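User: I am new to this protein and would like to go through it in steps. Could we look at the structure together?

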Amino acid sequence: MKFQIEDVTVYFPYDHIYPEQYSYMIELKRALDAKGHCLLEMPTGTGKTIALLSLITSYTLSKPSNPVKLLYCTRTVHEMEKTLAELKLLHKYQLENIGPSARMLALGLSSRKNLCINPDVVSAENRDSVDAGCRKLTASWVRALAIENPNIPTCSFFETYEKAGSDAVLPPGVYTLQDLRMFGKEKGWCPYFLARHMIQFANVVVYSYQYLLDPKVAGFISKEMQRESVVVFDEAHNIDNVCIEALSVSVRKQTLEGATRNLNKMSQEIERFKATDAGRLRAEYNRLVDGLAQRGNLPLGDTWLANPALPDDILKEAVPGNIRRAEHFLSVLRRLVQYLKGRLDTDNVEKEGPLTFVNAVNSHVGIDQKMLKFCYDRLHSLMLTLEITDTDEFLHIQTICDFATLVGTYTRGFSIIIEPYDERMPHIPDPVLQLSCHDASLAIKPVFDRFQSVVITSGTLSPIDLYPRLLNFNPVVSRSFTMSLTRDCICPMVLTRGSDQLPVSTKFDLRSDPGVERNYGRLLLEMVSVVPDGIVCFFVSYSYMDAIVNSWNETGILKEIMQRKLVFIETQDVVETTLALDNYRKACDCGRGAVFFSVARGKVAEGIDFDRHYGRLVIMFGIPFQYTLSRILLARLEYLRETFQIKEGDFLTFDALRQAAQCVGRVIRSKADYGMMIFADKRYTRHDKRSKLPGWILSHLRDAHLNLSTDMAVHIAREFLRKMAQPYDKTGGSGKKTLLSQQDLEKMNGTEGIMF
């Protein structure tokens, strides 16, 4: 269907549209017109992705003189593929309606691990090894040697791509990662470098958050992007945590030992070069006198992660004299590593700010702030000069330089925390020095400054007013949408007590109470006998899940549950969990029914959908608060209170409830779906906790369902399932429409015209 939103003709590839999708597009267009940023919360399963894609691409088509580029950021490769599949469908529809003028180039960009087609390289087990394997074949000096000596291996795909030169382009179309690999094999070109080259010409780029938020990666991937771009962060409820992780560094004993090994190897290389090619080191010295800005024109195979601390003006300065010579720089790094070793050798927890730490480094080992600031770039320059290709072996020294540069650049928003052991296992010494970032706005500020519109959207952004404070920006549009339904297909309940009227909660003083464990077990046992197909249970942590499943096993509850349904458990191992999920789905498909035990904040809670019969009920055992004694969390809470006036309790509750909403939201993935949500903890009855759940869940939470015991919950579940089994009108004919056709939209637009 196609319809007008003010001056834009929107091409939408389906025959019907949900009212909330239409409202979402109107708000999105307002933000694009105002060239500002927006926050939009839209319930899960209401077609957020297609609404975004069709409005922004149609907006570009309606303004051919100044087209906007779309940078669509997802969290996982799976989400990236889903987005590109939707875009393919939309592009096909636009071509049918408009013809060749609707052509566009859209592609996904991922790491070498997901795009490489050279079988020798891609077989390595992790991402860093694949990157290093690629560099060993594509670095400029390796290729120069290979011209003289044909026995030196190079990558045939990269060579063919380089030979093609300016002919190496992607024809218009929408390319998933699989399509890029196929195209690369067909042409004999390297898909990774082709995609890297083409993103500056593409109309739509779909890639991971890291490519914009992690300054080390953003520096060389996203620096080409023009200002007239719309950036979309999808599923962005955890965006503040992603920003913080991008600027945080942990240093352990193993890191320092590895860094010492790296330094020894590098000094051997320097001696070798002094003997064979001293001019090379001298040339590097002269380049550093002029400043670091010259590194922008490196050959493609040599590009490196950019400086983690962002500012361009640093790069134009000359490198401090005392780290220009390679051997002087190594001795500075040795002193720094030695100092960090000394700091890790402590029995007490220590916490200090970056300024205090930099002063301490200066007074103990004579390394000043400016030298620290340049460490990362100076290391990069040296590794290129020494022609080092096995970069995966040099990760330790890169971590140390990353740490040094961040500490030397930022004076506020960070803490250095040294812990001699993990509090949860005090008998095992495991000292760690963490540079932890507390201010999420540091990583995302360049994105807000550089691009004209940034859209932050997810199914759980409640309370929506906290995000502008956390990320320190002013949205022009901030809206939360509800879900229009023809029938009440969501049934949230708050369970506060068991059948024996004992309260249930995962509060620290109650969680290991045998009465609570028994009541949680009884609740699940009653539900498996009433609810068909799949049930998903979320626990607050792995340790709590282990303890409670163990207790159920000893009391025989688990055996009774397994007579009704099979039980599968998420573990910390990705392969085991994937296998468990596959078997869980098989058990649901064949009618045996199954229960999946999972953990809030785990992989399953974030990205796996339990739609249709795979999830008819989801039980959230407790409120998933973070570990509140964590030093890093306490330091962040203190910073939020002092800088943004956000109270500790407010932030912790907000954080716990967005995780809970994320967990229970897995159960509804479309409007034809139905499911129940049980919040099993007496604290959910409190208004300050409950009010932070998304509006689309709260609007279905009746007052009668706020204080239930197990037997009442079972009765409600039976009633609800009986109601859901009745046939219903999908378009919502009896009153409020939940599916709008083109005619309905034209009518609405007509009446709006009369009203104005």
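User: Where is the place of Arg601?

Analyst: Arg601 is found in the loop between β18 (594-599) and α27 (603-607). Helices (H or I, at least four residues) and strands (E, at least two) are DSSP runs, numbered from the N terminus. This is a predicted model, in which local features need pLDDT of at least 70 and side-chain atom pairs count only at pLDDT 80 or more, while totals for chains, interfaces and linings use all residues. Residues are numbered from 1 along each chain as its sequence is written, and side-chain values use heavy atoms, with hydrogens and water left out.

User: What phi does Arg601 have?

Analyst: Arg601 has a positive phi of about 75°, although it is not a glycine. Most residues other than glycine have a negative phi.

User: Which peptide bond is cis?

Analyst: The bond from Ser462 to Pro463 is cis, with omega near -10°. Pro463 belongs to the loop between β13 (453-458) and α22 (466-471). Most peptide bonds are trans.

User: Changing topic to the sheet: in what order do the eight strands come?

Analyst: The order is β6-β5-β7-β4-β8-β13-β3-β14, in an open sheet with parallel pairing. Two strands pair if DSSP finds at least two bridges between them.

User: Which strands stand at the edges?

Analyst: Those are β6 (173-175) and β14 (477-480); each has a single partner strand, so one side of each is left without a neighbour in the sheet. From one strand to the next, the twist averages 15°. For such angles, axes are lines fitted to C-alpha atoms, for helices over the stretch in contact, and angles run from 0 to 180 degrees between N-to-C directions.

User: How many bridges pair β5 with β6?

Analyst: Strand β5 (residues 105-109) pairs with β6 over three bridges, in the parallel sense. Ala106 has Val174 in β6 as its bridge partner.

User: What does helix α1 touch on the sheet?

Analyst: Helix α1 (residues 19-33) packs on the sheet and touches β3 (38-41), β8 (229-233), β13 and β14. The direction of α1 makes about 170° with that of β3. Contact means heavy atoms within 4.5 Å.

User: Moving to β12: how many of its residues are buried?

Analyst: Seven of the nine residues of strand β12 (residues 429-437) are buried, so β12 is largely enclosed by the rest of the structure. Strand β9 (residues 249-252) is joined to β12 by four bridges and runs antiparallel to it, with Val251 opposite Leu433. Strand β11 (residues 414-421) is joined to β12 by seven bridges, also antiparallel, and Ile416 has Leu435 as its bridge partner there.

User: Lastly, at what angle do α23 and α32 cross?

Analyst: The axes of α23 and helix α32 (residues 710-724) cross at roughly 20° and come within 10 Å. The two helices are therefore roughly parallel to each other; angles under 35 degrees count as roughly parallel, over 145 as roughly antiparallel, 65 to 115 as roughly perpendicular and the rest as oblique. Among the residues making the contact are Leu523 and Met527 of α23 and Val714 and Leu721 of α32.

Notes. Buried means under 20% relative accessible area, exposed over 50%, partly exposed in between (1.4 Å probe, protein chains only).
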